[in-house]
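Subject: Two-chain model, handover

Hello,

Please find the structure below. My notes on it follow.

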Amino acid sequence: MSVRLVAIALGGLFGFAISWGQFTDPDRIREMLLLEDAYLYVMMGTAVAVGFVGVRALRRMGTRALVTGEPVSWTTSGVERRHLVGAAIFGVGWAVTDACPAPIAGQLAQGTLWSLFTIAGVAIGIVLFLRGEERRLARPATPRASAPSQARPLASAQTP
Amino acid sequence: MKRVSDLLVTRPPAFVLGAVLGLIVVAVLATLNQRLGVLGGYSAVVERLSGRAPSFGWRASFLLGVFGGSLLFSALAGGSTVGAGYGWLTRTFTGDWQVLVVGVLLLLGGVLIGYGAKAAGGCTSGNGICGTALGSPASFAATATFMATAIAVTFAIDSLIT
């Protein structure tokens with residue numbers, strides 16, 4: 001079974017599910033963010049609980065990934081400033097557009113052409129971040145910025 | 001087919017949908033040994049097209065799947081579940097300049113989503129569902145931050161436009 005086919009199938013299930021949950025509708029998201037509709041919060045809480053138990057069951061059983069054959073494992077990250085600042089920036093974008101990356105793709109699939117603007121923005125935002133990281137990583141070459149603390153790994157490599 | 005569309009026009013119970021999404025997190029790990037995240041799909045496409053990565057990778061395929069799954073839903077439901085126009089933006093900004101104003105706001109919002117989620121290490125799915133399920137402190141902190149920010153900004157926008 002190819003990695004690509006499995007990824008498309010699981011992504012397809014994910015896209016179908018969020019569309020059925022009407023997360024592609026900006027008005028629905030807005031109702032949830034205005035705390036008029038608890039759907040998002042119940043959904044997220046259940047998803048995290050099911051995922052939390054499920055992934056630990058996999059690890060406890062010593063499962064190997066069906067397609068790649070690797071032992072199932074993951075690493076976690078401690079809280080850094082970038083997580084908080086980045087999340088706050090993301091939250092503003094979410095509130096303005098009433099959409100996040102998965103629903104944006106779903107909107108386009110359902111014929112909402114407004115989402116083309118949001119998708120273009122997401123791509124620009126990613127490019128700006130990558131360029132910033134590339135500039136930051138290039139900086140240790142100069143004597144003034146050669147402190148070891150600045151030689152952090154590229155954050156993009158950790159992005160799920 | 002009519003019965004299928006009748007079923008799909010109403011949202012499933014939130015806990016059912018949540019359980020399905022949680023199981024998808026488990027399935028991505030069980031098959032690919034990877035962390036689910038949709039922003040990573042956009043990033044994979046950008047990195048491939050800008051020559052930063054040699055291939056699209058599985059994340060771009062997952063994003064393609066999200067698109068395809070939504071398309072299938074739309075076909076089975078007999079139409080889009082996205083409301084007419086684009087939410088508060090097209091209701092607030094009308095007239096000749098609507099496309100420009102709403103387009104610019106969506107573009108800027110998208111920039112914040114793309115930049116912010118990259119810096120935070122994930123979006124609603126990557127941090128909010130998957131990272132938290134894996135027990136990552138960074139994901140819990142990021143999720144609390146973007147939820148609080150999004151709620152606060154939505155209330156602020158609401159007070160300005162009503």
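Predicted model: local features only at pLDDT ≥ 70, side-chain atom pairs only at ≥ 80, totals over all residues.

Residues are numbered from 1 along each chain as its sequence is written, with chains lettered from A and ligands numbered from 1 in the order in which they are written.

Interface. In chain B, 102 residues are in contact (C-beta atoms, placed from the backbone, within 7 Å) with 102 residues of chain A. On the chain B side, the elements giving two or more residues include helices H2 (14-32), H4 (57-77) and H8 (137-161). Helices here are DSSP runs of H or I, at least four residues, numbered from the N terminus. That side divides into 61 nonpolar, 36 polar and 5 charged residues. Ala, Val, Leu, Ile, Met, Phe, Trp, Tyr, Cys and Pro count as nonpolar, Asp, Glu, Lys and Arg as charged, and the others, Gly among them, as polar.

Helix pair. H6 of chain A (residues 115-138) packs against H3 of chain B (residues 39-49) at about 70°, the axes being 10 Å apart. The two are therefore roughly perpendicular, a term for angles of 65 to 115 degrees. A:Val122, A:Ala123, A:Ile126 and A:Val127 meet B:Tyr42, B:Ser43 and B:Val46.

Helix end. Just after H6(B), B:Gly121 has a positive phi of about 85°.

Regards

Methods. Axes fitted to C-alpha atoms, helices over the stretch in contact; angles between N-to-C directions. Parallel < 35°, antiparallel > 145°, perpendicular 65-115°, else oblique. Contact = placed C-beta atoms within 7 Å.
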